[in-house]
Amino acid sequence: MRERVGRVETLLERIDGDPAALEAVAAVVELYGEALRRIVSGASLTKDELVAHLLLVHDLHPAGVTARVGQVLEELGGGELVEIVGSVARVRLRSGCKRSAVEEAVLRVAPELERVEPVEEQKLLQIGALP
């Protein structure tokens, strides 16, 4: 750990003359500090958006991508997860729900996904997702 701290100090010395880089580092430290404060205060690791996001960044989130996407779709009442293929979530949208709201919510809880694709009834029959 001491080696890592030393490396960070060396890197910080190298950017000392760059105001933008120093501001970026300060913003990251502030963000992580806030997340740590929330964790120490008993925040939910999965429900607190900041904490959950940082856990995702470090591949430490306790819920898998399928569970996270399924949960947010259930909360929205906007659709049903059909499948995740690579970095794409295929979602059956419920009538009356806004595609953009579903996409935004899914990508917020699963930033490792690149996009959300709506799947139509006909396509569901073709891939065997409907009886």
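What share of the contacts in the protein with a separation of 6 or more comes from residues 24 or more positions apart? The answer is 42%. Keep that number in mind as we walk through the chain, and keep in mind too that this is a predicted model.

**The overall picture**

Let's start with the parts list. The protein has six helices and three strands. If you boxed up the C-alpha atoms along the principal axes, you'd need roughly 60 × 30 × 25 Å.

How much of the protein is buried? Buried residues make up 21% of the 131 residues. The accessible surface comes to about 9300 Å², and carbon and sulfur atoms account for 53% of that. As for charge, there are 16 positive and 22 negative side chains, with the centres of the two sets 4 Å apart.

**The nonpolar cores**

Now for the inside. The largest nonpolar core has 12 residues in all, among them Val-69, Leu-73, Leu-81, Ala-89, Val-91, Val-106 and Val-116. Helix 4 (65-76), strand 2 and helix 5 (99-109) each supply at least two residues of this core. There's also a second, separate core of five residues, and it includes Ala-35, Val-51, Leu-54 and Leu-55.

Ala-89 is a handy place to look around from. You'll find it in strand 2, which covers residues 88-93. Ala-89 has a relative accessible area of 0%, so it counts as buried. Setting aside its neighbours within four places in sequence, Ala-89 touches Leu-81, Glu-83, Ile-84, Val-106, Leu-113, Arg-115, Val-116 and Glu-117. Glu-114 sits 25 residues away from Ala-89 along the chain, and the C-alpha atoms of the two are separated by 8.4 Å.

Leu-81, another member of the largest core, is in contact with Ala-89 as well.

Is Arg-68 buried or exposed? Its relative accessibility is 10%, and buried means under 20%, so Arg-68 counts as buried. Arg-68 belongs to helix 4. Beyond the neighbours within four places in sequence, Arg-68 has contacts with Leu-56, His-61, Ala-63, Val-109, Ala-110, Pro-111 and Glu-112. Of these, Ala-110 is listed in the largest nonpolar core.

At 72% relative accessible area, Asp-59 is exposed. Its backbone is worth a glance too: phi of Asp-59 is near 55 degrees, a positive value in a residue other than glycine.

Val-8 lies in helix 1, residues 2-14, and Ala-27 is found in helix 2, residues 19-40. How far apart in space are Val-8 and Val-91? They're 43 Å apart, C-alpha to C-alpha, and 83 residues apart in sequence. For Ala-27 and Gly-17, which are 10 residues apart along the chain, the C-alpha separation is 17 Å.

Here are the residues we've visited, with their accessibility side by side:

| Residue | Relative accessible area | Class |
|---|---|---|
| Ala-89 | 0% | buried |
| Arg-68 | 10% | buried |
| Ala-27 | 44% | partly exposed |
| Val-8 | 45% | partly exposed |
| Asp-59 | 72% | exposed |

How values were computed: Residues are numbered from 1 along each chain as its sequence is written. This is a predicted model: local features need pLDDT of at least 70, side-chain atom pairs count only at pLDDT 80 or more; totals for chains, interfaces and linings use all residues. Side-chain values use heavy atoms; hydrogens and water are left out. Helices (H or I, at least four residues) and strands (E, at least two) are DSSP runs, numbered from the N terminus. Buried means under 20% relative accessible area, exposed over 50%, partly exposed in between (1.4 Å probe, protein chains only). Contact means heavy atoms within 4.5 Å. Accessible areas come from the Shrake-Rupley method with a 1.4 Å probe; for residues, only the protein chains shown count as cover. Lys and Arg count as positive and Asp and Glu as negative; His and the chain ends are not counted. The place of a charge is taken as NZ of Lys, CZ of Arg, CG of Asp or CD of Glu. A nonpolar core is a set of buried Ala, Val, Leu, Ile, Met, Phe, Trp, Tyr and Cys residues joined through side-chain atoms within 4.5 Å.
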